[in-house]
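Here's a quick tour of a protein model for you. Have a look at the picture, then work through the notes below it.

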Amino acid sequence: MHDWDRDRWAAHADHMLAAVAPFASPGGALITLPGPTGANSREIAGLEGFARTFLLAGFRLAGERGADPHGYAERYAAGLATGTDPTSSERWVRLSEHGQAKVEAASIALVLDLTRPWLWDRLDPLVQEQVVDHLADAVGDDTYPRINWVWFRLVVQTFLRGVGGPHSLDEMRADLATHDTFARADGWMADGAERAFDHYNGWALHLYPTLWARMTGAADLAAGRRERDVATLDRFLADALALVGGDGSPLLQGRSLAYRFAAAAPFWVGAMAEVPSHPPGLLRSAASAVVGHFAAHGAPDDDGLLTLGWHRSWPRIAQAYSGSGSPYWASKGMLGLALPADHPVWTEPPAPLPVEQGDVLRTVAAPGWIVSGTRDDGVVRVVNHGTDHAVPGSRVGDSPLYARLGYSTATSPWLDDASWDSPAEQSVTLVDRAGRTTHRTGFETLRAPCLVDGVGVAASRARAHWLDPDPGQQDHGHGRRGTAVEAGLLTVVSLVRGPWEVRCVRVDEVARDAAPAALRVAGWPVVTGDDLTSTLTPLAGRWTASTVRRTGASPLGDVSRVPVLHAPVEAGTWLAVLLTLRRDVAGPEQAARLTTDGGDAVVRWPDGVGSRVPDTLALAGPDAARPRR
């Protein structure tokens, strides 16, 4: 069980804020941290450094009800005055000049409202005018992407409304209406129109509604929404809690992973919103687990800084928009410090995570996931038949961050260039004569995740395609664009229990003139020296085994490997393999078996338990072939 008390959280925050202080500009407006700036300028990196650490300082100030022994209010007030002064050499890039300034403005506005009695109300009137003028660029600006960015415009205009500044109620209502279109099943939200499910659910799409509803300028707009927003957050948290590993690691899936322990944000938001189903002590334990995981693995680093990486510095994890100040969105994961010491989230006893209480097997409908966590090793795995950061029918490349068949809290997708262009790990592909593998993005979900006889079941079908990627693309997390070359139709069925997945695969048809050389199934990627076991065992079909090794592909270790099986391409024939991912804590296992009875799959698992899953292999109609025994 994980638990940091409030004093430890506060000390952690103060250490982080002290570490960034030497990187502030003379007037305090820019905090330009060492490291690459990505596609942005040093001015943007400095603005990010200010705005994102301002979040953390603001949480500290609010939670202490204005007590400020470290002088955070004075320090950041000076930066506000300098950054919004149009004549200053440190003046901030305006919202109308660069898109990233729109993002950072929301953090600044949020904290100014949260700390209003101790910061905004004490600013010189001239500085207040400068701040309003800087933020007013948001009004009438229709260039905000219709994804989580709608909250950046809404939060800024809500602050402006609360201080008597310019704003547009029509735009505010439009942004709320756009947010409502993101809603999917069970409290989940898609970040836009695509099947884009990731940590933005927690650190953006559920965080902002709760914080926004508490803003001065939101009272009337929020009144009719609060009950629904709390209910959807409450339901989402049931899944979010189950996705935290026993060691506190979040799921390594989705873009912006350099934000690290921002993944703890929804737990604090749940406490702030007083959700009914999850005790405050459990929510604090989950947040402590996540932040504690990174603290134990070198983030912040020895100098107290957050670098671009997962544990320690690993710049390849960044997207094109990531700069040296970007990782400080992790401050959202310390939102609990905005709650005072007498809040129940700090006074109630801790509670164990779901995976610490017992094995977890559940389905998550919106992203199409089967979640399997095992108490004995603390690993949480996700088998994915619904997420690809695209829409059905798309013919783009697979993003390793979204379109892989499996993710976990103990493994990372491979993120080297080769794995973006030719899927390597956690995939079912056709291979051409040159060794290129196909992509599945745009696939169709055939069977939504469900539980049958103690087994998680899901299925999808993809028009597999090779991709010749267009040159010079910036990485925003989704798959690469290019020229798609049709390869064939692949159906994949997953049966999941504990650390195992029985993966049934079939080539339904081969595209004209495609002539693939082999069918390829790849398992879980693990790093050399870890205590994880990743195996891929044939159950039905004629397979040839090998192992692929990569250097520099994973943020978890320099050298990593994945087990691979190849089989001849035989259209219409079901084949099957067993994937295993577990830590080296298990006892002896027996050989797994898969047989069929009509369209039913009958599995004998390695621990001796038997399962029958009706109609598993009848997804393509009455002519579906049976697996070979």
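D175 sits in helix 7, residues 169-180; helices (H or I, at least four residues) and strands (E, at least two) are DSSP runs, numbered from the N terminus. D175 is also buried, with a relative accessible area of 1%, where buried means under 20% relative accessible area, exposed over 50%, and partly exposed in between (1.4 Å probe, protein chains only).

Before the rest, some ground rules. This is a predicted model, in which local features need pLDDT of at least 70 and side-chain atom pairs count only at pLDDT 80 or more, while totals for chains, interfaces and linings use all residues. Residues are numbered from 1 along each chain as its sequence is written, and side-chain values use heavy atoms, with hydrogens and water left out.

**A helix tucked away**

- Nine of the nine residues of helix 12 (residues 265-273) are buried, so this helix is largely enclosed by the rest of the structure.
- If you want to find them, the buried residues are A265, P266, F267, W268, V269, G270, A271, M272 and A273.
- What do the buried residues of helix 12 pack against? Their partners are helix 1, helix 8 (200-205), helix 9 (207-213), helix 11 (226-242), helix 13 (280-296) and helix 14 (344-347).

**Two helices crossing**

- Helix 1 (residues 6-20) turns up again here: its axis and that of helix 3 (residues 72-83) come within 13 Å and cross at roughly 40°. Axes are lines fitted to C-alpha atoms, for helices over the stretch in contact, and angles run from 0 to 180 degrees between N-to-C directions.
- That angle makes helix 1 oblique to helix 3. For the wording, angles under 35 degrees count as roughly parallel, over 145 as roughly antiparallel, 65 to 115 as roughly perpendicular and the rest as oblique.
- The crossing of helix 1 and helix 3 is left-handed, meaning that the near helix is turned anticlockwise from the far one by less than a right angle (clockwise would be right-handed).
- Where they meet, D14, L17 and V20 of helix 1 face Y72, R75 and Y76 of helix 3.
- The residues of this contact split into four nonpolar, no polar and two charged. Here Ala, Val, Leu, Ile, Met, Phe, Trp, Tyr, Cys and Pro count as nonpolar, Asp, Glu, Lys and Arg as charged, and the others, Gly among them, as polar.

- Two strands pair if DSSP finds at least two bridges between them.
- Strand 8 (residues 482-497) and strand 9 run antiparallel, joined by ten bridges. They form a hairpin with two residues between them, and G498 in the turn has a positive phi of about 60°.
- On its other pairing, strand 9 (residues 500-510) joins strand 15 (residues 574-583) over seven bridges, in the antiparallel sense.
- Follow V505 in strand 9: V492 stands opposite V505, and V505 stands opposite L575 in strand 15.
- R506 has W574 in strand 15 as its bridge partner.
- Is strand 9 enclosed or open? Eight of its eleven residues are buried, so strand 9 is largely enclosed by the rest of the structure.

- Strand 17 (residues 600-604) pairs with strand 18 over four bridges, and R604 stands opposite G610 in strand 18.

**A glycine in a loop**

- G386 lies in the loop between strand 3 (380-384) and strand 4 (406-408).
- At 7% relative accessibility, G386 counts as buried.
- Not counting residues up to four places away in sequence, G386 touches R195, P367, G368, F443 and T445.

Technical notes. Contact means heavy atoms within 4.5 Å.
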